[in-house]
Amino acid sequence: MTEKKKDLRSRKWFNNPDDLEMTALYLERYLNYGLTEEELRSDKPIIAIAQTGSDLSPCNRHHLELAKRTRDGIIAAGGVPLEVPVHPIQETGKRPTAMLDRNLAYLSLVESLFGYPIDGVVLTIGCDKTTPALLMAAATVGIPAIAFSVGPMLNGWYKGKRVGSGSVIWYARQELAAGRIDGDEFLSIAASSAPSNGYCNTMGTASTMNSLAEALGMQLPGAATIPAPYRERGQMAYETGRRIVDMVHEELNPDQVMSRKSFENAIVICSALGGSTNAPIHLNAIARHLGMKLTNADWEKFGYEVPLLVNMQPVGEYLGEDFHHAGGVPAVIGELLRNDMLPHPDALTVSGKTIGEIYRDFAITNPDVIRTPANPLLQRAGFLNLSGNLFDSAIMKTSAIGEEFRTRYLENPEDPMAFEGPVAVFDGPEDFHHRIDDPSLGLTDRTILVMRGAGPIGYPGGAEVVNMRPPSYLIKQGITALPCIGDGRQSGTSGSASILNASPEAAAGGGLALLKDGDTIRVDLNARTVNALVDAAEWEARRAEIETIMGAITPESQSPWQALFREKVRPFAEGMVLDGAPEYRAIART
Ligand code: FES
Ligand code: MG
């Protein structure tokens, strides 16, 4: 039994003999709804439940219910729970993008955790950006923190087939464009993919980030993948509540858990999961708030060669419930450990034990859903880090390159590593939607589609729009994918082989701003380069107009936060953190 911590942080508010006046003020208000002096002034840690659920956030709404069990666990272990609202983030509901609000939720949670009498925090995670926002805040403030997923939705079904969140939209939009379904059927297919509460049931950004929160050591083993409506989800809520109280007494802080080692492990696990291309942005951000520099080069170094083990949509077949029954994240980590593929088995977790101690014996219970490294779904499931005259860093998930694209497009289908073609440039998603089907653009099966003005500044927060579909006249000829390059993001539920997250973005003066329709781009994945093949003098001459182009692709801010965000934001490659925010780490810990 750990000794109880004597100098609880919250006692500076509620039990400060040097300042009776303020102590009285702090106390009277928190007592007035029935808390007792014993709860606020003794050795009971005050535990925040950072609540991301609300009616605005359907994916995380079940946390409102689960928090009751978390409270029970906190009380059972001798803590005092306080539920703290987090700025809502709903991936599919927020205009212009939910990503814009990641840093806003981060900022507001930092203020709540830092400015109030809180000793430890349960981070309720789920929908895409809620996970990084809360982990970033825990990293800044540094008080003991444990994450707790809402859990994935149940599997979706349509006409006897599994239909997964998001992924089904990419499929249905092709069917619609080809005239095989109508609008009503489109809506029915979409609705069938979301049969219960919980986060997206595909291996999109939500499954990825919830799994990586466990991989980083920040959740109890198994907490990422229990489906939201299952009884085990409530039991895990209770255990999480119990554990955070002990963590406060043990002084187990996020710095100790989310070490450099944990991040390198998480990159490997991300590849084995087939994780979303949003993961590097978020993990690079969390690391920065812990004072570490994690880069896209690290993602390639540790993750590129790792095979894909998890057979989940969009790349594979199954969904969240199947993944859970096959062993979930623990089985994936166990398999990596048994094959000596996890670089740091000695990385610490919130359980107080190392990842190696905890996970080694978790077995795969369905070998089709979770594969072994000897029988993977795909080789080299990680991301390449690319650069050239269009950007300093962009990532590509080469394992998402489809068969039709491989044989049609790449120079050597056996080793598909280089291609070039003329570009069609779109200034943001609206421009794309207006013009893509216009036959006068003359797109062919060799065209490279470029999306710019979709980065953190251009489309505040960065739009998930780089996975562009070909024009409908090409889809009808069987051309289902063209190469895409852009300074925006791509939904984790999309399987497109795109070059994404280009940094710096066009709106910040990146090379994509200089590109013109009809220029040729050469992509050489062996050399890790992407270049516009434009005469150097001509390229420099275009720079004279760059301010005009940047202005043209950056619409007016529609809210004060958009304007502040645009002034302060760093590129995707640097985690899209707010300039200077990581420097407050030390100060917030006092
Ligand atoms: Fe919220 Fe996917 S939209 S988890
Ligand atoms: Mg998404």
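**Exercise 1. Strand β9 and its partners**

Determine which residue stands opposite Val425 in β10, and in which sense β9 pairs with each neighbouring strand named here.

*Solution.* Step 1: Val425 faces Val450 of β10. Step 2: β9 and β10 (residues 448-452) are parallel and share five bridges; strands count as paired if DSSP finds at least two bridges between them. Step 3: β9 (residues 418-427) is also joined to β13 (residues 520-524), here antiparallel, again by five bridges. Step 4: Phe419 has Val523 as its bridge partner in β13. Helices (H or I, at least four residues) and strands (E, at least two) are DSSP runs, numbered from the N terminus.

The model is predicted: local features need pLDDT of at least 70 and side-chain atom pairs pLDDT 80 or more, while totals for chains, interfaces and linings use all residues. Residues are numbered from 1 along each chain as its sequence is written, and chains are lettered from A and ligands numbered from 1 in the order in which they are written.

**Exercise 2. Helix α5**

*Solution.* Step 1: α5 (residues 102-115) has 14 residues and reaches 20 Å between its end C-alpha atoms, close to the expected 20 Å; the expected span is 1.5 Å times one less than the number of residues. Step 2: the buried residues are Arg102, Asn103, Ala105, Tyr106, Leu109, Val110 and Leu113, a buried residue having 20 or more other C-beta atoms, placed from the backbone, within 10 Å of its own.

**Exercise 3. Helix α12**

State how many residues of α12 are buried, what they pack against, and which residue follows the helix.

*Solution.* Step 1: the 14 residues of α12 (residues 260-273) should span 20 Å, and its end C-alpha atoms agree at 20 Å apart. Step 2: 11 of its 14 residues are buried, among them Phe263, Ile267 and Cys270. Step 3: the buried residues pack against α9, α11, α13, α14, α16 and α17. Step 4: Gly274 follows α12 and has a positive phi, near 75°.

**Exercise 4. Confidence**

Identify the elements with the lowest and the highest mean pLDDT.

*Solution.* Step 1: pLDDT is the predictor's confidence in each residue, from 0 to 100. Step 2: the protein averages 94.

Conventions: Buried ≥ 20, exposed ≤ 12 C-beta atoms within 10 Å, placed from the backbone. Contact = placed C-beta atoms within 7 Å.
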